[in-house]
Amino acid sequence: MIVETGHFALVMALVVALVQATLPLIGAQRGNEAWMAMARPAAIAQMLFVSVSFGCLTYAYLTSDFSVLNVVNNSHSAKPLIYKISGVWGNHEGSMLLWVLILAVFGAAVAVFGANLPPTLKARVLGVQALVSVGFFLFVLFTSNPFERILPAPPDGHGLNPLLQDPGLAIHPPFLYLGYVGFSIAFSFAIAALIEGRVDAAWARWVRPWTLAAWMFLTAGIGLGSWWAYYELGWGGWWFWDPVENASFLPWLSGTALLHSAVVVEKRDTLKGWTVFLAIVTFSLSLLGAFLVRSGVLTSVHAFATDPARGVFILVLLLIVIGGSFALFAWRGPSLKASGLFLPVSREGSLLLNNLLLTTAAAVVLLGTLYPLFLDAIGGGKVSVGAPFFNAVFVPLMVPLLVAMAIGPLLPWKRGDLVAIFWRVQLVLGLTGAAVFLTWVFAADGPMFALLGMGLAAWLAVGTLFEIGERTRLFRASMAESGRRLRRVSRAAWGMTAAHFGVAVLVAGITASSAWTVESIQTMRPGETVQIAGYDFTFEGARDTRGPNYEAVTGTFTVTRDERPFTVLRPERRVYPVEGQQTTEAAIRSTFLGDLYAVIGEAEGADGAFVTRLYFNPLVPWIWAGLVIMCIGGVVSLSDRRHRVGAPSRRHRAQAVESPAAA
Amino acid sequence: MKRTLTILILVLLAMPAWAVQPGEMLDDPALEARARTISKDLRCVVCQNQSIDDSDAHLARDLRVLVRERLVAGDSDREVVDYVVSRYGDFVLLTPPFKPATYALWFAPPLIAGLGVLAVFFYYRRRRSAGVAVEPRPLTEEQRKRVERLLGDEPP
Amino acid sequence: MKRVIYILPLAAFVVIAAYLGVGLTRDPHTLPSVLIDQEVPPFSLAAIEGREKGFSSADLIGEVSLVNVFGSWCVACRIEHPFLMRLKDDNVVPIHGINWREENRQAGPAWLARFGDPYTLIGDDPESKGAIAFGVSGAPETFIVDARGVIRYKHIGPITPEVWESTLWPLIQELRKG
């Protein structure tokens, strides 16, 4: 009964979304306020219905209701509670239900928090949002119904892929979807703006917080995915340029560009068509990602079990949503008139450079991801485009971006003087030089790119801190004056500082882990010791252990440094009997300078010897720290009163509209 | 049906063995290092998107062994790679080869970047020829004070 | 000019979507052979237990033949096996087997003893030497080799009567004509 309720609620959500997708849009066109006002209650009702539906599926999982096909295929009664819950979205059908839930939640959030939006804009945004929802509701109901029954019900389920039975991966999809789907708001705003034929500073101000929130979730989602790969796949890699990873990285790249170009729209009333374009592209790339993962056109270690019928449905959906948006853009875009001006060397100029580099990077990654498909489609044979290609084309684009990232915030709006800046940043240059020199002294055996990478990281980190120093006139004004200025720095500015600083930390982590990883693979008998990066790993042996729904071999390593005990590592190799699969659980001990990483392999011979893999992964914790700092930056910036979700105070809004250039 | 079957076959083949094993490794560290480098750029054909060095599949293991045998027999790195490519095609190369079929792939990135730069250049030129001077009017004393006041909390 | 720029995204998307549409009809998992019309790379495999003679590239010269890659662990091989037995009984073409990657030396022979042995020659291939020579990525795969030892066709997956009638048998007859 509960299951039928869930199915019915989903149908009801579709009906409500149909209303929300038509009446408000027509009302806005005709100036009918009653019809426009329908958008708000409809968005909330839609969200409630999908929530009920999602709740019902979750209930079926929690109670292990094996009369539901989806539960049979992806759950098992002996599974720990958390994985019964995460099993809901650990499969195609359930994850699509989560997708539509998030879509509806974002729509309802705009309905509730968007009280200050002009009524026509609000009606149109919610109408467009509902149009997207309708497409996905139809997709779920017709091709991917999670509420399908199976009769007779089997006694138990097939279980969940053990790789997914992991805390990191359990929460990874919801974050990822909050990111993907969060960009739908920017998209809806863009389409609404095209319909209205009007993009202004106020519009940019409303779009920014939603984009920022989505960006933050996507950053966290990608980070969680990488973190999972790092400790679960058992060789310390965390990014593989796999098509599915690229699918999540593409909207991140264009979303980051959007975040920055919206600033130019807000400040200078220009780059309007471009910003609208980016908003459409970002959500389109999210949709493209969904298509790539679920249609089976590309091969990936992460892809869902695929079904061509679903592929066709999503492709039609893409054609309607993306094709329709770009057609509207081609028609209405040219009517967006810009007013403001700025010179290439200026804050706006640096934001434009940021956009140039990020969108080029996105285009190049998109090309590399789809190229095997293109070539095969024209009968050109099969090729693989792997990590070496992406590194070769992506890194050169990031180098100037990182250089500009430190300079940009120092430049004044409208026009700046690069020579003057150069004289101001001597301190930053000096410290960067020192960092490069130190890198060279301590790690002379590393590759040359490591010097460049560490130098860029130092340049960006110091430059970002320097910018705060400049802002507060540190050491140039009195301490009291600097303190006063420091308190006046807005949270939005702090957010930017934190995010940029996070990128610097991230770059240091990426560089070091690519340049100086130490690896040792060998067979070890109990009592044997291997030294890596100054740590002595002694293998104490392995024994059989048992978890709630798996059996495992657990190895024990005692690690000493300079003869003193440092830590004990216990890597596992698990066998999940229900699913018939193995997983590896690396044991990791993080230090400030890197991770000690141990993996246990198979038994060799009868004397208790095992294959072991030991790593020292330098600065890998910095990668995660950098991502966390970036997300914190997002949160801080969102907490700025001027960004507070779509509701700037009346005074600020009035200012923004009447004289955007003076804001 | 055929597709499901193929996938079934692949799944069966992909049953775990393990990435590079100590038993496979060569005693000569220089040779072994070359073997690792080569295997990191050869794609495992059954597991998709992993190099044979990272892969757990049996076939990947056998290819790793083959790479080492060829190296011991005196093949150059290039010859070893060519040997594998002659049997499995360009598909096994994680770095796509530079040949007519991939010109579009390799030339596109600089081309895209160039077009982007050009677009930005024309944007500035068109905006400037639109007539308005960028030169700001000098600020009045009152405006200057207000700027001072606001400068502290300029959003990014 | 300005209008054209605004139409570009739509045009680019239409092109991409067209490719994605074609992509849906392709299976990214199947890997076409690059060895078609190439001589079989030299290989030499030992006999499996219970047989005298192994299987090597030299054995492929002189007559059109099938080379079938199989293993007792392979579910799909079990599906095509009765059809191979029928071909053997009809005695239409020699079928050689590459017994790929058995867990132990008994597994392959035991499997053949149970379900029947359609093979003229069999090579034991525990290290994938033969499989790699043919560029095999999964089992079953079947190759048609002509009288000069040149690979002429590769079939991925089980041989069905339909595939046999429509593709394999006509090609074999054509190759025999020379």
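Residue A:S295 lies in helix α11 of chain A, which spans residues 272-295, where helices (H or I, at least four residues) and strands (E, at least two) are DSSP runs numbered from the N terminus. The structure is a predicted model, in which local features need pLDDT of at least 70 and side-chain atom pairs count only at pLDDT 80 or more, while totals for chains, interfaces and linings use all residues. Residues are numbered from 1 along each chain as its sequence is written, and chains are lettered from A and ligands numbered from 1 in the order in which they are written. A:S295 counts as buried because it has 23 C-beta neighbours inside 10 Å; a residue is buried if 20 or more other C-beta atoms, placed from the backbone, lie within 10 Å of its own, exposed if 12 or fewer, and partly exposed in between. Between A:S295 and A:A477 there are 182 residues in sequence and 61 Å in space, taken from C-alpha to C-alpha.

Chain A as a whole contains 21 helices and ten strands. Its radius of gyration, 27 Å, is close to the 26 Å given by the globule rule for 663 residues, so chain A is as compact as a globular protein of that length; the radius is taken over C-alpha atoms, and the rule is 2.2 Å times the number of residues to the power 0.38. Along the principal axes, the C-alpha atoms of chain A fill a box of roughly 85 × 75 × 55 Å, and 58% of the 663 residues are buried. Of the contacts in chain A between residues at least 6 apart in sequence, 75% join residues at least 24 apart, two residues being in contact if their C-beta atoms, placed from the backbone, lie within 7 Å.

The domain assignment divides chain A into domain 1 (1-160), domain 2 (166-405), domain 3 (406-516 + 622-628) and domain 4 (518-621), with bounds that come from an automatic or database assignment. The C-alpha centres of domain 3 and domain 4 of chain A lie 37 Å apart, and nine residues of domain 3 are in contact with five residues of domain 4. On the domain 3 side, the elements giving two or more residues are α19 (491-516) and α20 (620-638) of chain A, and the largest share, five residues, comes from α19(A). This side of domain 3 comprises seven nonpolar, two polar and no charged residues, where Ala, Val, Leu, Ile, Met, Phe, Trp, Tyr, Cys and Pro count as nonpolar, Asp, Glu, Lys and Arg as charged, and the others, Gly among them, as polar.

Chain B has six helices and zero strands, and 33% of its 156 residues count as buried. Contacts between chains B and A involve 38 residues of chain B and 49 residues of chain A, and the chain B side has 22 nonpolar, nine polar and seven charged residues.

In chain C, an open sheet of six strands with mixed pairing has the order β1-β8-β7-β4-β5-β6, strands being paired if DSSP finds at least two bridges between them. Strands β1 (38-39) and β6 (122-125) of chain C stand at the edges with a single partner strand each, so one side of each is left without a neighbour in the sheet. Strand β5 (residues 95-100) of chain C pairs with β6(C) in the parallel sense over four bridges, and C:W100 stands opposite C:D125 in β6(C).
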